[in-house]
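Thanks for taking a look at this one with me. My notes follow as numbered points, starting with a pocket.

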Amino acid sequence: MGKLKLFKLINNDLLADIFGLRRSIRRGNMSQFAKLVCLGNPLLDYQATVTLEYLEKYSLKSNDAILVDASSGDQKMKIFEELLEYPDVKFVAGGAAQNTARGAAYVLGPGKVSYFGSVGRDVYADKLLEENTKAGILSLYQVQEDIATGKCAALITGHDRSLVTDLGAANHFKPEHLDAHWEHVENAELFYVGGFHLTVSPEAIIKLGKHAQETGKPFVLNLSAPMIPQFFKDALERVLPYTTHVISNESEAAAYCESFGLECANDDLVSIANHIVGDSPRRTVIFTHGLEPTVCVSASGHEFFPVQPLSSTNIVDTNGAGDAFAGGFMAALTEGKDLKTAIAMGQWLAALSIQEVGPSYPATVFQFEA
């Protein structure tokens, strides 16, 4: 069967059969207000193992993330069609902040996490909704009637991944959707925003941030990818004043250093974090660094938290490890844990996630032990 024909089948009935879903969008069974509210870009991940030559074909880098636009004629849109012919291609419910929401719900249990994002009315969104509902998340989706749910190609090379994202409906989230569900915001105790949403609606992030600032609630931002400080610096500068915590990895920290013209080396994580903390007495910056110690910086100083090594034979897939760290971290904050415990829980959940395929968590619910 040719590529195009298979692609059309996947987009119509076959994908519905794969997912076992033939229903319209709904909000799920949970009606209570959640303690943790997450905001991000819901996406369906296409994940497959590729060669370095394949990345070079499209001028892609490992451990990087880029956006593509279906309406622009970008040749990289072919990737989504081509991956369908890969023998190991998998469809995984994704979107960085949504991965984090599921991670937090894995720890907290049902009814403690709600998630805002924009999707289409299609089987892709049905799959995302199904995964959120199974995880115990209340999905507060804004539904686009004529725009398809966004998708992300996760191109795996060894333990690295390169992300190519077509935001689709996710790119059309409006702050007014928060207004329509403001009771969920008012009843929440803390907020988490994926940095990718800075490309969509800084206004929505600021709306949440102002509420958090006025009410003294924690407001956590993840930089998410090097492209955020590189190409969305203005939006990042607008949002940072509302943050109480900023999470990043070393690549995103280096991009921040270069974008903001810092005089320190781009691997001087403490100095970069100090710049993000600025003169805020409340802001804490957490930099993950693979197997290197996690760096934590606040107005009171800095501290390093060693990572417990995991045997390489147990590592299945590192895609989504950073999202899992954030999920464990947010779960700990939701439970009122101290910063040391939150970082330890983040490292623990990341270790569980990389033993699964894609940004996923074990079917068995394990309990964190300090």
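1. The second largest pocket has a volume of about 380 Å³. Among its 18 lining residues, Arg102, Glu131, Ala135, Tyr361 and Pro362 are the closest to the centre. Two or more lining residues come from each of β4 (90–94), α4 (96–108) and α5 (123–135), and α5 gives the largest share, 4 residues. For the method: on a 1 Å grid over the protein atoms alone, a pocket is an open set of points where a 1.4 Å probe fits, with protein on both sides within 12 Å along at least five of seven lines, and lining residues have an atom within 4 Å of a point. Volume is the space filled by probe spheres set on the points, which are joined across faces, edges and corners.

2. A word on the model itself, which is predicted: local features need pLDDT of at least 70, side-chain atom pairs count only at pLDDT 80 or more, and totals for chains, interfaces and linings use all residues. Residues are numbered from 1 along each chain as its sequence is written, and side-chain values use heavy atoms, leaving out hydrogens and water. The chain has a mean pLDDT (the predictor's confidence in each residue, from 0 to 100) of 90, and 92% of its residues reach 70 or more. Please treat residues 1–30 separately: pLDDT stays under 50 there, and the model has 58 contacts beyond four places in sequence for them. A contact means heavy atoms within 4.5 Å.

3. UniProt, in an unreviewed entry, places "domain: Carbohydrate kinase PfkB" at residues 55–362. Such annotations may be inferred rather than shown by experiment. The span is 39% helix and 24% strand, and its end C-alpha atoms lie 30 Å apart. Helices (H or I, at least four residues) and strands (E, at least two) are DSSP runs, numbered from the N terminus.

4. Which residue does the UniProt annotation "active site" cover? According to that unreviewed entry, Asp323, which is found in helix α13 (residues 321–334). Asp323 is buried, at 15% relative accessible area; buried means under 20%, exposed over 50%, and partly exposed in between (1.4 Å probe, protein chains only). Leaving aside residues up to four places away in sequence, Asp323 touches Ala96, Asn99, Thr100 and Tyr361. The side chains of Asp323 and Asn99 make a polar contact at 2.9 Å. Polar contacts are pairs of N or O atoms within 3.5 Å; within protein, one must be able to donate a hydrogen and the other to accept it, and residues adjacent in sequence count only if both atoms are side-chain atoms.

5. Gln347 lies in helix α14 (residues 339–353) and counts as buried because its relative accessibility is 15%. Beyond four places in sequence, Gln347 touches Thr294, Phe305, Pro306, Val307 and Phe325. With Phe305, a polar atom of the Gln347 side chain lies 3.3 Å from the backbone oxygen.

6. Is Ser280 buried or exposed? Ser280 is buried, since its relative accessible area is 12%. Its place is in the loop between α12 (269–277) and β12 (284–289), where a polar atom of the Ser280 side chain lies 3.2 Å from the backbone nitrogen of Arg282.

7. Lastly, Thr215 sits in helix α8 (residues 202–215) and counts as partly exposed because its relative accessibility is 40%. The Thr215 side chain reaches the backbone oxygen of His211 at 2.6 Å.
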